[in-house]
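Reader: Please take one part of this model and go through it closely. I would like to know what its side chains do, with the cut-offs stated.

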Amino acid sequence: NNETSGAFDHLVFRASDDDRVGSIVATDSATNFNTSSDYRLKENVSYDFDATTRLKKLKPARFNFKKDKDNTIDGFIAHEVSDIVPNAVSGTKDAVETYTDDDGKEQTRPLHQAIDQSRLVPLLTKSLQEALARIDTLEAEVAKLKG
């Protein structure tokens, strides 16, 4: 790209029918990782679901990766999230693939699961909204008792 200012696409992701489904866009000061979200692409939209119950099932953890023992981070274990927010996890727990090594011998290696933690944001947002509604209700009840 030869753009000198403004926002421009670095990568564009398209579905098999050539619809744009995601992109990586950058400006002079920021990068956006975009996935499609236009209302015209959706159906059966519901705002009525219990996020708090699902949120309570998530198990945030602190850990380090085996290849980076000195760096402890916060995150999730993919298979522990897969039943709660399935679209956040790719891959299958304990999956392996078979391949032939350079000596012609058949070997197996793990196919690791991955997690897109941004897919947890709607659940977190809805759960926070539910908690705020409960707080508002309790505050109103306290105000009545004081009044």
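Author: A residue is called buried under 20% relative accessible area, exposed over 50%, and partly exposed in between (1.4 Å probe, protein chains only). The model is predicted: local features need pLDDT of at least 70 and side-chain atom pairs pLDDT 80 or more, while totals for chains, interfaces and linings use all residues. Numbering starts from 1 along each chain as its sequence is written, and side-chain values use heavy atoms, without hydrogens and water.

In α3, L123, K126, S127 and E130 are buried. The buried residues of this helix pack against α1 (51-57), where contact means heavy atoms within 4.5 Å.

Two of them, K126 and E130, also form a salt bridge, with the closest N and O atoms 3.2 Å apart. The term requires a side-chain nitrogen of Lys or Arg within 4 Å of a carboxyl oxygen of Asp or Glu. Because they are 4 residues apart in α3, E130 and K126 are separated by about one helical turn. An α-helix has 3.6 residues a turn, so residues three or four places apart point the same way.

For contrast, R62 and D74 form a salt bridge at 2.5 Å. R62 is exposed at 58%, and D74 is exposed at 54%.

Definitions and conventions:
Helix = DSSP H or I, 4+ residues; strand = E, 2+ residues; numbered from the N terminus.
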